[in-house]
Amino acid sequence: MSELTKVGRVASPYGIKGWVKIQSYTSPPDNLFEYQPLVVDGGGQLVFEEYKAHGKSHVAKLKGVDDRTQAELFCPKDIYINKDRLPEPAVDEFYWHQLENLKVISEFEGERYCLGRVKEVISTGANDVIVVEPTDEMSPSIESRERLIPFVDSYTGDVDLNTKEMIVFWDPDF
């Protein structure tokens, strides 16, 4: 079996008839529903009978779940799919899981600094953010604190999956 990657989250129950609020981490968000059945935290399968947009997220009816009490058993839990089910990304595009554990090197004022490694990528609504955690590996980070770096063109440079390195343009004192 291939490795799993997180594609969303069952956030909370919605109503009294087995519906739940869904946060999708796919782009566009509706793509989440194309990957059924999904895997939920704990290893169980998750299937949606129907879904609809609800504000900036979605609500969905869980198959075989007919009341709020049953729906609560799925909340809050992350949703996963097997990585091999994802289509190949376009050139210069990456899935979030591909960025995890990359070494983060800051090129700032002509110097290079190891800031750590990508712990995860999170969506803030305005833009994605790289969570960089310190590392003591072969290239130790310059400090032992976590950093949040916007994943936007003005702060991110090359991403090399072969060397497992990401370049950022970030002041190491920030």
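Mentor: Strand S2, residues 19-24, pairs with strand S6, residues 57-62, in the antiparallel sense, and four bridges make up the pairing. The model is predicted, which applies to everything that follows. Within this pairing, Ile 22 has His 58 of S6 standing opposite.

The two strands belong to an open sheet of seven strands with antiparallel pairing. Read across, the order is S4-S3-S7-S1-S2-S6-S5, which puts S2 between S1 and S6, and S6 between S2 and S5. The edges are taken by strand S4 (45-46) and strand S5 (48-54), each of which pairs on one side only.

Now the side chains. How many aromatic pairs does the structure hold? The count is five. One of them joins Phe 33 and Phe 48, whose ring centres are 5.2 Å apart with 65 degrees between the planes. The arrangement is edge-to-face, because the angle is over 60 degrees. Phe 33 sits in the loop between S2 and strand S3 (38-40), whereas Phe 48 sits in strand S5, so the contact ties together parts that are 15 residues apart in sequence. Are these two residues buried or exposed? Phe 33 has a relative accessible area of 5% and is buried. For Phe 48 the relative accessible area is 5%, and Phe 48 is buried.

Another ring contact involves a charge. The charged end of Lys 52 lies over the ring of Trp 19, at 5.3 Å from the ring centre.

Back to the loop between S2 and S3, where Phe 33 was placed. The bond that joins Gln 36 to Pro 37 is a cis peptide bond, with omega about -5 degrees.

Further along the chain, some backbone angles deserve a note. Asp 92 has a positive phi, near 65 degrees, in a residue other than glycine. Asp 92 is found in the loop between strand S7 (77-82) and helix H2 (96-99), and counts as exposed at 69% relative accessibility. Asn 101 is another residue other than glycine with a positive phi, here near 75 degrees. The place of Asn 101 is the loop between H2 and strand S8 (103-108). With 49% relative accessibility, Asn 101 counts as partly exposed.

Last, the cysteines. A disulfide is a covalent bond that links the sulfur atoms of two cysteines. How many disulfides does the structure hold? The number is zero. Cys 75 is buried, with a relative accessible area of 15%, and Cys 114 counts as buried at 9% relative accessibility.

Note on methods
Residues numbered from 1 in each chain as written. Predicted model: local features only at pLDDT ≥ 70, side-chain atom pairs only at ≥ 80, totals over all residues. Heavy atoms only, no water. Pairing = 2+ DSSP bridges. Phe/Tyr/Trp six-rings, centres within 6.5 Å; stacked < 30°, edge-to-face > 60°. Buried < 20%, exposed > 50% of the residue type's maximum accessible area, 1.4 Å probe, protein only. Lys NZ or Arg CZ within 6 Å of the ring centre and 35° of its normal. Disulfide = S-S within 2.5 Å.
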